[in-house]
Amino acid sequence: MIHRAVQHPSSSAIAETHPDRIATWPNWLALAIVALSSLYAVLALAWFPKWTVDDAYITYRYAENLAHHGQPTWNAGLDPVEGYTGVALPVILAGSIAVGADPDVASKTLGVLAFLLLALTTWRLCGRLSVSPLGKSAVLAGLCTAPFMFTHALSGLETVMFMACVVLAVDRASAVELALRFERSLWLELSASTLVAGLIRPEGVALSCVLVIACLCAEARRRPALTTPDRYGGVERTLVVLSTLRALGIWVGVFALPGAAYFAWRASYYGQLLPNTFYAKLHTGFVIESLVDAAKFAVVYLAAPMSVALVAVATVRRRAFVALAGLPWRTAIAAIAFGAVCLALYSRSALVMNFGFRFFVPFYPIVLIGTAAVATHALRRVPAGRARTLVVAAIAVFVVAQTGVHARLLGRIAREAAATERLLTDEHRKVGQFLRDRLSADATIVVVVDAGAIPYYSGLRTIDFGGLNDEFLSHRFRDRTPKSDIVDYFFATNPSAIVFTSRFKDRIEGPEPVRVQDDARFANYALVRVFSCEEWPEYHQLVYLRRDLAVD
């Protein structure tokens, strides 16, 4: 049943006194906020540094191997390994490479287009939930001014694409729950959107499962219209069962079967059911750093929006249940369950490259939309007067304060992105080009641990000692692999070159998994070049060559 707000008599009296002003000024204010927020986003995207995160080059390498060799793998010609986050982006970039496009340009274009789709879908979902014009504009402002949106839209990774698919899937699930009858098109769209989300990032599978359960429950409790049940309700129950089975059949046909086929291919091709990155990050216990990152994200970006909802609900108190009854609560509970599952997984994972809270930002637009929906429906139960004015003023303060935080953080985040781009230019790209020019095409290198731009620009066979692109090393935390076995594995590859990330120019001291330099066999390697960046005084790339190759 869709909730319809009933106007309070005091509000009607005010509207009769000043009908034009009451009806018009919120819409004009909302329009102004939308226009300013959109302009802010466009200008920020144009001004923000055109940077690329190191991990994006991992995706580019897979895309190039797929485009040029027909193999979505790290090292073409060797046993395949799946070190990318989701298959969708490498496949799309492989297609762009096949037609002559640069994968970096293509990925950034996709990020900006996904940003636009995210904004449009967020606006539509707000409208579906009957959020007020001012509420919708505040949500859009929160999305368009969030500094991490520019970080991720231009990073080269799939983050914003996944965010857009999450909001689209929740929108379709809400439409299913609020519909008056079974609608095949909505179920097709729900199943297709979650399939795309699952191909972009594995978390999309969990999203699809929780949303479809919520929507199936909604179908099972829906009362068919245009029917006259018999005295026992038999006809009605039969129609409900049939519509629920039809919905389940659509989801199975559009999502489950293609998804199962993909998982079967993955298990056959890669030898693992889940991506290699999952095993590389998974630990046996809680990872404190991941929990701290989640807490920081919640405090900086979610505290104000959630406070808005709490203030609105606290105002109506006992009437809150009635005020919020018209919202799609099954979908809301499913979205909360999805977030809980992801957070539980992230808390036990070393979230490598969690720049800009990358693993947490997909929940951000859903929190904004949910906050606006709760606040709008709750405030419709608050009579016009001093109390309502105070509540609206408090909410306005939260919104303005959060926007101010966004604007203040943008400059710092832009400087960090620019500095990272200079680091890649001065160190990683130069290392890759140096190794490509110095070594033969069939050489093998080891990279410890920044295995993104260096392998990509070298074009050489690479052992990634970060573990993301190496099956043996990806299980070292879960299996508690002895350090001696890792050291033996390191030297068994007999690499032509080794690249270490180090805090010092003259010795190895960095994030290496084990100190292979303490082994006697390491004497067979000589330091030949050090690559540094002025802005990163404690971040260097030390290049070692095997002694038979180190002689000019």
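Guide: Helices (H or I, at least four residues) and strands (E, at least two) are DSSP runs, numbered from the N terminus. The model is predicted.

Visitor: Which elements each supply at least two residues of the lining of the second largest pocket?

Guide: In general, rolling a probe the size of a water molecule over the atoms shows where empty space is left. Here, helix H7 (147–153), helix H13 (288–316), helix H17 (386–438), helix H20 (483–492) and strand E5 (536–546) each give at least two residues to that lining. The largest share, 9 residues, is from H17.

Visitor: What volume does the second largest pocket have, and how many residues line the second largest pocket?

Guide: Its volume is about 1,300 Å³. The lining consists of 50 residues, with Leu-351, Val-352, Met-353, Asn-354 and Phe-355 nearest the centre of the pocket. Sorted by class, the lining holds 29 nonpolar, 10 polar and 11 charged residues.

Visitor: How many cavities of 30 Å³ or more does a search of the whole structure find?

Guide: The search finds 4. The largest cavity has a volume of about 100 Å³. Its lining is made up of Asp-55, Ile-58, Thr-59, Gly-83, Tyr-84, Thr-85, Leu-157, Thr-277, Lys-281, Arg-358 and Leu-468. Helix H3 (56–69) and helix H12 (276–281) are the elements that give two or more of these residues. By class, the lining has 4 nonpolar, 4 polar and 3 charged residues.

Visitor: Which residues touch the most other members of the largest nonpolar core?

Guide: The general idea is that in soluble globular proteins, nonpolar side chains tend to be buried together. In this model the largest nonpolar core has 99 residues, and Phe-48, Met-149, Trp-187, Leu-211, Phe-297 and Tyr-364 touch the most other members. Helix H8 (residues 159–178) provides the largest share of this core, 13 residues. Apart from this core lies another of 25 residues, including Tyr-84, Phe-434, Ile-454 and Val-499.

Visitor: What is Phe-297 in contact with, leaving aside neighbours within four places in sequence?

Guide: Phe-297 contacts Phe-148, Leu-302, Phe-357, Phe-360, Val-361 and Tyr-364.

Visitor: Is Glu-219 buried or exposed?

Guide: Glu-219 counts as buried because its relative accessible area is 1%, and buried means under 20%. Glu-219 sits in helix H10 (residues 203–220). Not counting residues up to four places away in sequence, Glu-219 touches Val-176, Phe-182, Trp-187, Val-240, Ser-243, Thr-244 and Ala-247.

Visitor: How many salt bridges does the count come to?

Guide: Side chains of opposite charge can pair when their charged atoms come close. The count here is 20 salt bridges. One of the pairs is Arg-330 with Glu-177, at 3.7 Å, N to O. This pair links distant parts of the chain, with Arg-330 in helix H15 (residues 329–346) and Glu-177 in helix H8, 153 residues apart. Arg-330 is partly exposed at 31% relative accessibility, whereas Glu-177 is buried at 13%.

Visitor: Where in the chain are Asp-488 and Arg-521?

Guide: Asp-488 is in helix H20 and Arg-521 is in the loop between strand E3 (497–502) and strand E4 (525–533), 33 residues apart. The two form a salt bridge with their closest N and O atoms 2.9 Å apart. Asp-488 is partly exposed at 38% relative accessibility, and Arg-521 is partly exposed with a relative accessible area of 38%.

Visitor: Which residues are linked in a network of salt bridges?

Guide: Arg-124, Arg-128, Asp-171, Arg-172 and Glu-189 are linked in this way.

Methods
Residues are numbered from 1 along each chain as its sequence is written. This is a predicted model: local features need pLDDT of at least 70, side-chain atom pairs count only at pLDDT 80 or more; totals for chains, interfaces and linings use all residues. Side-chain values use heavy atoms; hydrogens and water are left out. A nonpolar core is a set of buried Ala, Val, Leu, Ile, Met, Phe, Trp, Tyr and Cys residues joined through side-chain atoms within 4.5 Å. Buried means under 20% relative accessible area, exposed over 50%, partly exposed in between (1.4 Å probe, protein chains only). Contact means heavy atoms within 4.5 Å. On a 1 Å grid over the protein atoms alone, a cavity is a set of points where a 1.4 Å probe fits but cannot get out, and a pocket is an open set with protein on both sides within 12 Å along at least five of seven lines; lining residues have an atom within 4 Å of a point. Grid points are joined across faces, edges and corners, and a volume is the space filled by probe spheres set on the points. Ala, Val, Leu, Ile, Met, Phe, Trp, Tyr, Cys and Pro count as nonpolar, Asp, Glu, Lys and Arg as charged, and the others, Gly among them, as polar. A salt bridge is a side-chain nitrogen of Lys or Arg within 4 Å of a carboxyl oxygen of Asp or Glu.
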